[in-house]
Amino acid sequence: MVGASGVTVLLFWLTIPVAACVGSFLATVAWRVPRGLSIVSPRSACVSCAAPLSARDLIPMFSWSVLRGQCRHCRAPIDRLYPLMELSAVVVAIWSGLVFEGWHVFVSCLLGWTLITLSAIDIRHRILPDLIVIPLVGLGLIFAWLDNPTILADHLIGASLGFVAFAAIAFLYRVLRNRDGLGLGDAKLLAAGGAWLGWEALPGIVLGAAITALIFALASACARRRPINGGTAIAFGPYLALAVWLTWIFGPLDLIILDNLWS
Ligand SMILES: [Zn+2]
C-alpha cells in the first residue's frame, strides 16, 4: 500500500514528464499558430529538411540535448524554443503544485502554459494571436465564477478596464506619434490579466511589466552597446505575461508591499 504522502511523491514525479510533453506541444502551437497552420497535422518534421521526426527525436529536453540541438538528418539547428518551452512548462507545473491544491493546480497550469505560449509567439512574431488570448479572457472569467460567483463582477470589470486602458494608450500613441506603440494584443492580454485576477490587480500588473521590460531593455542595450531611443521596439507581451503569472502566484503587488510594511 502506498500512503498519502507516497501518492503525492508519485504524482510529483509523474508531473515532470507529462508537463515536459505539454511544453513540447506548446512549442508546436507557438510555431504553427502564427503561420496559420493546423496544430494537429501534419506530424512533426524538421523545418529545414522536412524529414519526419520519430519518437526518439521527440522526447522533451532529452532529444534536444542528445542531438546537441541539431537535426539528426541535415544537422540544421533545432529551434531553442523547444527545450526552453518544455523546461518552462515543467517549472509552471511544479510551481502550481507547490502553491495550489485540488483543481486549482490544473487551472494554474492552464494559465501558466498559455502565458508561456503567448510569450514565445510574441518574442518571435511580435503578435499575440486572438485564437489564444481571447479564450484566455473567457477562461479567466469562467474560473473566477466557478471559484466564487460573487467575485465575477470584479473580474468582468478587470477584463473591460484592462482592455480599455491599453487600447486608449495605443490610440493616443498612434495619434501623437503617428505610428504604433502598443499593440491591441497587449490590451487583450491585460484584459486576460483582469479576467483572471480582478481589477484590483491591474495597476500592479502594468507597473511590474513596465519595470521588468525597462530593466531588460536597458540591460540588453548595454550588452549590445546600442542606446535605447523612441524607435527601439520591444515585445511587451512576455513582461505582461510574467507580471500576470507572478500576481497569480503571490497576489496583487500592493498587497505584497503592504504585508511587508505591517510585518
Ligand atoms: Zn533536418
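Colleague: Why are helix 4 and helix 9 called roughly antiparallel to each other?

Modeller: Angles over 145 degrees count as roughly antiparallel, under 35 as roughly parallel, 65 to 115 as roughly perpendicular and the rest as oblique. The axes of helix 4 (residues 103-125) and helix 9 cross at roughly 165° and come within 8 Å; the pair is therefore roughly antiparallel. This is a predicted model, in which local features need pLDDT of at least 70, side-chain atom pairs count only at pLDDT 80 or more, and totals for chains, interfaces and linings use all residues. Residues are numbered from 1 along each chain as its sequence is written.

Colleague: Which residues make the contact of helix 4 with helix 9?

Modeller: Contact requires C-beta atoms, placed from the backbone, within 7 Å. Helix 4 contributes Ser108, Leu111, Gly112, Leu115, Leu118, Ser119, Asp122 and Ile123, and helix 9 contributes Gly237, Pro238, Ala241, Val244, Trp245 and Trp248.

Colleague: What makes helix 9 largely enclosed by the rest of the structure?

Modeller: A residue is buried if 20 or more other C-beta atoms lie within 10 Å of its own, exposed if 12 or fewer, and partly exposed in between. Ten of the 14 residues of helix 9 are buried, so the helix is largely enclosed. Among them are Tyr239, Leu240, Trp245 and Trp248.

Colleague: How do you know that the span of helix 9 agrees with its length?

Modeller: The expected span is 1.5 Å times one less than the number of residues. For the 14 residues of helix 9 (residues 237-250) that gives 20 Å, and the end C-alpha atoms are 20 Å apart, which agrees. Gly251, with a positive phi near 90°, follows helix 9.

How values were computed. Helix = DSSP H or I, 4+ residues; strand = E, 2+ residues; numbered from the N terminus. Axes fitted to C-alpha atoms, helices over the stretch in contact; angles between N-to-C directions. Contact = placed C-beta atoms within 7 Å.
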